[in-house]
Amino acid sequence: MSHRAKSLIAILGAALFVSWMPLTGQTAGSGFYQRGTVYFDWYGSRYSDGTFFNQISARFRFDLINRPGQGWTLTLDARDRVGIRGTATNQAILYNARLIFDKAGSPFYLSLGQMNLYDTAGIGALLGGVAGFKVGRDLLAGAYGGLESTPYINRLDAKYLKAGAFVRWLGPKGRALGLSFNHLAYDGRAERQYAYANLFLPVEKVLVVYGDAEYELGNHVDGANRLSRLFGNVRLDLGRWADLTASYSSGRGLDFHSYLIAASQDPTIYDQNVERFYYTGYYGVRLSVKPTATVRLSVSRQQSEQKDLGILNHTWQFGASVWNILGQGISVIGDYALNRGDLSESDTYYVSLTKDFGRFSLNGSFSNSFNGVRFDSNGGEPLVIHLNDARNVSLGALVRVSRNLSASIEYGGFLQSGLNEHFLFVRLIYRSR
């Protein structure tokens, strides 16, 4: 059977699953829990050279068996894409597929399958297992092991292994602190050893501190390079009408995994704000003022640096947003950025308008951008390129058909002299409640 036939059967099966699902929800005495969301998408794009590309996909995000935290829970988040061209292509994407045991009153924790461990170990995707023991009510200590993986399951490399140990504290009001020691090996040889720490600390309703860090432990790393990643974000509420946010990050190279995951989940992503994947150092501060309950004004100062090349860029950004103008369901968001530096973009702007009619809403946006991402055809890391006077436009609508079902359609255009590109994105969303 061809890949196209198999994929179309999978999509049809998904449709049947959606129609059957309302009958299988947890009922009195059934003892089976299910809750989640199903997405059906069609995405088409037309490029400046006349090439046309389109694909359909189905994505399933579900918690099954028991509610999370009440025993055994099966968590699924997967997508199947079919490219509709002369020779169809099929792409299976597995974001999360794991069986978890976690129950109040039990000291044991277990997770098996494909998962993301940013919350506990800071090592990203893993195909393997995690075992933990609860010390008291708030502290979890454990270990993990398995294969390095990406959402694209056909790219699994059995030679790339991950293992480590961690402790995680979860306090009241969302407070969290984690520490892990991680060992990554390729083909039997140690590739990287490092410690990872993360912190989320809200203090009353005044201060929120979040941050994470990675410290290299391998003998081959010199002292100047051991602190390989540092990120911090501090938000201070200055009363009811204002807040101040400061952030800092430092890392080495492109955050390719984060970009890959974001792009795989949303094919309509524009490559705006790509500096966060490009520059190895960044810091900034933003002051936000709310003169009324529905109006917010902001000003921010940002500085970024590509340390290996000594490139410095800085930005002043001014923003405003207004919600539900005159009680008519109209909202406007806009910002303008003054970009300066060695390799900065030209000045950029963004404006969007939304009108809410109750059961459906309309939105549109217009912006310009000058930096983009180009991928190496040989599979290398993406490169940031400078574009000349590129403009992005989008128009969309969201319709709430029923309590469980909604639909959206979005048009987008990338407009550049002689290089216009257009896309259309249609989505059906079914939520099982």
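How many helices and strands does the protein have? The protein has 3 helices and 22 strands, where helices (H or I, at least four residues) and strands (E, at least two) are DSSP runs numbered from the N terminus. The model is predicted, so local features need pLDDT of at least 70 and side-chain atom pairs count only at pLDDT 80 or more, while totals for chains, interfaces and linings use all residues. Residues are numbered from 1 along each chain as its sequence is written, and side-chain values use heavy atoms, with hydrogens and water left out.

**Whole protein**

Display the surface to begin. The protein exposes about 23800 Å², of which carbon and sulfur atoms supply 61%; accessible areas come from the Shrake-Rupley method with a 1.4 Å probe, and for residues only the protein chains shown count as cover. Of the 433 residues, 38% are buried, that is, under 20% relative accessible area, with exposed meaning over 50% and partly exposed in between.

Select tyrosine 196 in strand β10 (residues 189–203). Tyrosine 196 is buried, its relative accessible area being 5%. Beyond residues up to four places away in sequence, its contacts include Tyr118, Gly178, Asn182 and Asp212; contact means heavy atoms within 4.5 Å.

With neighbours within four places in sequence set aside, isoleucine 123 contacts Leu117, Tyr144, Lys162, Asn182 and Tyr194.

**The nonpolar cores**

Isoleucine 123 is also one of the residues with the most contacts inside the largest nonpolar core, which has 15 residues. Such a core is a set of buried Ala, Val, Leu, Ile, Met, Phe, Trp, Tyr and Cys residues joined through side-chain atoms within 4.5 Å. Strands β5 (108–116), β6 (125–135), β7 (139–148), β8 (160–170) and β10 each supply at least two residues of this core. Another core, of 5 residues, lies apart from it and includes Val38, Phe40, Phe62 and Leu64.

Move to strand β15 (residues 295–306), which pairs with strand β16 (residues 311–322) in the antiparallel sense over 12 bridges; two strands pair if DSSP finds at least two bridges between them. Here glutamine 302 stands opposite threonine 315 in β16. Strand β16 is in turn joined by 10 bridges to strand β17 (residues 330–341), again antiparallel. Valine 322 has valine 332 in β17 as its bridge partner.

**Serine 432**

Finish at serine 432 in strand β22 (residues 421–432). Is this residue buried or exposed? Serine 432 is buried, at a relative accessible area of 7%.

Methods. Buried means under 20% relative accessible area, exposed over 50%, partly exposed in between (1.4 Å probe, protein chains only).
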